[in-house]
Amino acid sequence: TDLDSFITGLPKAELHLHIEGSLEPELMFELARRNGIEIPYASVEEVRAAYAFSNLQDFLDIYYAGANVLRTRRDFHDLAAAYFARAAADGVVHAEIMFDPQTHTDRGIAFSEVVEGLLSAMAEAEAKHGITSKLILSFLRHLSEEAAFEVLEMAEPWLDRIEAVGLDSSEVGHPPVKFARVFEEARARGLKLTAHAGEEGPPEYVYQALDLLHVDRIDHGNRSLEDPVLTDRLADMGMTLTVCPLSNLKLCVVDDLGNHPIDRMLALGLKATVNSDDPAYFGGYIADNFRAVAEARGLDQEEIVTLARNSFTGSFLPSDAIAAHL
Ligand code: HPA
Ligand code: ZN
């Protein structure tokens, strides 16, 4: 359709993507076979049928189990290569991808295997598809701050190739304040900062991400809208929110895409972007997310263009590269 080709043809940056969340069932089976690992599913259809979630934790349990098939540098390369090919087809020209080192190092996989596999796929994607990319090392917030410090230490030899740190996993009960010192350390090392906040957690967690973590971006941020003072502050400071419509639907952050706040966010002056979060689990890549929310909320072309522009101005690219994309 016209809407499809308009969305796909619009250059976009993806700012909220967990690379482990791009593991499609077909590749999960291939890696299980390659690595001699048993998986608790008989078919690709059975895997897809298991992807029915009623909240974030439901999803996380299945997402961490799925990551078990990822073992070698080649696996991480193949995972990211598949994502970049899919993203390129959707008109993504720049991607800032999160990875969860603790999901792998806690299973005995070396940090070097994970990061070198991802970096080689990133270099290949630039050559093959012209997609530029950056890595965001995300701390698992259900684990301790001490464990996060250990990851940062482990990442030391690669810090010149890691753009930012992030904070993900189970939000409620694990407020940003728990990670204030490790974020301060990351900032001191010149890393950019982002954190999931206000997905399931209250507006208070968004305040903490701003005031205690000093983040450069907020991942999700939906629940900020419950607090008009916070909403105004985010708008005034031009804080980028990396919103993920299909994720919001699948994790029951919204009950229906017809009630998704994406256009209300823009109308309130918030710098919202559209992203895919965990596309293999939530039923769509970035163009699917744009299309779903555009149809459900009746977005006009100007709103769609604003969302795409925001993805560049909210990226961690240097200002000359941002200007070249606008
Ligand atoms: N929220 C928190 N943690 C996550 C997510 C998410 O949407 N996706 C992958 N890890
Ligand atoms: Zn996320």
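User: Quick one on H220. Buried or exposed?
Analyst: H220 counts as buried, at 0% relative accessibility. Buried means under 20% relative accessible area, exposed over 50%, and partly exposed in between, with a 1.4 Å probe and protein chains only.

User: What am I looking at, and how is it numbered?
Analyst: This is a predicted model: local features need pLDDT of at least 70, side-chain atom pairs count only at pLDDT 80 or more, and totals for chains, interfaces and linings use all residues. Residues are numbered from 1 along each chain as its sequence is written, chains are lettered from A and ligands numbered from 1 in the order in which they are written, and side-chain values use heavy atoms, leaving out hydrogens and water.

User: Back to H220. Where does it sit?
Analyst: H220 is in strand β6, residues 217–220. Helices (H or I, at least four residues) and strands (E, at least two) are DSSP runs, numbered from the N terminus. H220 also has a positive phi of about 75 degrees, although it is not a glycine.

User: And C252, what's its phi?
Analyst: C252 has a positive phi of about 60 degrees, and it is not a glycine. C252 lies in the loop between α12 (245–250) and α13 (262–267). At 46% relative accessibility, C252 is partly exposed.

User: Now the metal. Which residues coordinate the zinc ion (ligand 2)?
Analyst: H16 (NE2), H18 (NE2), H196 (NE2) and D277 (OD), at 2.0 to 2.2 Å. Donors are N, O and S atoms within 2.8 Å of the metal (3.2 Å for Na, K and Ca); water is not among the atoms, so sites may look incomplete. Along the chain the spacing reads H-x1-H-x177-H-x80-D.

User: Why is the arrangement irregular?
Analyst: The four donor atoms subtend angles of 81 to 174 degrees, so the arrangement is irregular. Four donors count as tetrahedral if all angles lie between 85 and 135 degrees; four count as square planar and six as octahedral if opposite donors are over 155 degrees apart and all others between 65 and 115; anything else is irregular.

User: H16: buried or exposed?
Analyst: H16 is buried, with a relative accessible area of 0%. H18 is buried too, at 3%.

User: What about its nitrogen contacts?
Analyst: A polar side-chain atom of H18 lies 3.2 Å from a nitrogen atom of ligand 1. A backbone N or O atom of S169 lies 2.8 Å from a ligand 1 nitrogen. For a side-chain N or O atom of D278, the distance is 2.7 Å. A polar contact is a pair of N or O atoms within 3.5 Å; within protein, one must be able to donate a hydrogen and the other to accept it, and residues adjacent in sequence count only if both atoms are side-chain atoms.

User: Switching to β3. Why is it largely enclosed?
Analyst: Eight of the nine residues of β3 (residues 132–140) are buried, so the rest of the structure largely encloses it.

User: Which strands pair with β3?
Analyst: β2 (residues 92–99) pairs with it in the parallel sense over six bridges. β4 (residues 164–168) also runs parallel to β3, joined by five bridges. Two strands pair if DSSP finds at least two bridges between them.
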